[in-house]
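Reader: I would like to see how the labels in this model follow from their definitions. Could you take me through a few?

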Amino acid sequence: VGEELTMEQCLYGILLGSANEVSYAVAEHVAGDLDSFVAMMNERAAALGCVDTHFINANGLPDENHYTSAYDLAMIGRAFFANDTLCGITQTPALRIMKESGEYIDHNKMELLPGKKYAYEYLVGCKTGYTDDARNTLVSCAEKNGMKLICVVLKDETPAHYEDTIALFNYGFSNFDKVNVSKSETKYNIDNTGFFYSDNDIFGSSKPLLALNRQDCIILPKTIGFEDTESTISYDTNDPGQAAVISYTFRDVYIGSASLDFVTNQEKTYTFDSVEDTVDSEKNVTEKPKGKTSYIFINIMKVLLILAGIAAIGFI
C-alpha cells in the first residue's frame, strides 16, 4: 500500500512478470474500477475481430465466464505486435525497479529470446501464460523476409509450447510467401484509358489517376502462382483515397486484399514498379473466367462519379 509505479514500469511488470496485482491496478487507474475496464476489454476485443472471447477480469485467472480462442488471440496479437514499444518490452532480459526497500529484479523467463535454450532468431515479440486449467500458453510473432507470422499455442506442456511454436513458424516460413499485388496483378483493366492517362487530363497531370496500392500484399502457398488466385472487386469502401478494394481467395480461403487508389493518395508510399493497366470495355463489374484466367473490369461510371465529386469540391 502506498507504493507507486509508472505506467511503463507497470507494463514491464505485466509482460515480463505476469503480475496479476499490477494488471488489476492498471485496470482501476485507466477505467476507475475493474468492471468498467473489463467492459472496455470486451469492446476492444470485438473491434479487433474477436468472435469467441469474453473477459471477466483483467489478469486471466480462471473463471467459467472468462474465455477466448486461438483465433481471437491471434487477432489481439496482431494489434499488440504492431506496437514496437510492447514488442521491445517482451524481449527485455530483465525488469529492474528501485523501491524504498531496495532493488527489485525479475528476469524474463521466455525461452525464445536470444541466448536462451530455444532462441528463435526471427522473433518480434511474445507473451507466455500459465494457469493450472489453461496449462502453458504462448502467443508470439516472428518476421522473415518481410513476412510476419503470428503463432498461438494453447494448453501445452513445457517445454513443448516452445518447440511447437518454433515448428509452426518454420512450417509457415517454409511453405508460404508474401506477394506484392501491384507487382503481380495483370488482370485489371480500366475503361477510357485516355482519360486516366493523358498529356493534359482534367487535373493537368500526365500521371494515371488510379493505380493498385503499392504496399498491399497477399500470402500465397509456395506451390501456387498468383494467377491461381480468385478475386472480386467492391466499391464499398469508406476510405476517401480509395476507389475500390480487390479481395483475393484461394480455394475459398481469404488470403488478402489490395485497394485501387487515387494516385495522389500513393505519393507517400514506398516505391514499387507499377503494373500498367490495359484497355478494355465493360459497363459493369464482372468476372469472366477463361480457362484459368479471370478478368475483372473497373466500373468506369462509378469511378467517374467519384472523380466528378472530387472535382466539384475542388471547384467550390
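Author: Gladly; here are some labels, each set against its definition. This is a predicted model, where local features need pLDDT of at least 70, side-chain atom pairs count only at pLDDT 80 or more, and totals for chains, interfaces and linings use all residues. Residues are numbered from 1 along each chain as its sequence is written, and side-chain values use heavy atoms, with hydrogens and water left out.

Reader: Why is C126 called buried?

Author: C126 has a relative accessible area of 3%. Buried means under 20% (exposed is over 50%, partly exposed in between, with a 1.4 Å probe and protein chains only), so C126 is buried.

Reader: How do you know that C126 is in no disulfide?

Author: A search of the whole structure finds 0 disulfides. The nearest cysteine sulfur to that of C126 belongs to C87, 8.9 Å away, whereas a disulfide is a pair of cysteine sulfur atoms within 2.5 Å.

Reader: What makes β1 and β2 a pair of strands?

Author: Strands are DSSP runs (E, at least two residues), numbered from the N terminus. Two of them pair if DSSP finds at least two bridges between them. Here 6 bridges join β1 (residues 94–99) to β2 (residues 102–107), so the two antiparallel strands pair.

Reader: Why is T131 called buried?

Author: T131, in strand β3 (residues 123–131), has a relative accessible area of 13%, so T131 too is buried. T131 touches G60 and P62, not counting residues up to four places away in sequence; contact means heavy atoms within 4.5 Å.

Methods:
Helix = DSSP H or I, 4+ residues; strand = E, 2+ residues; numbered from the N terminus.
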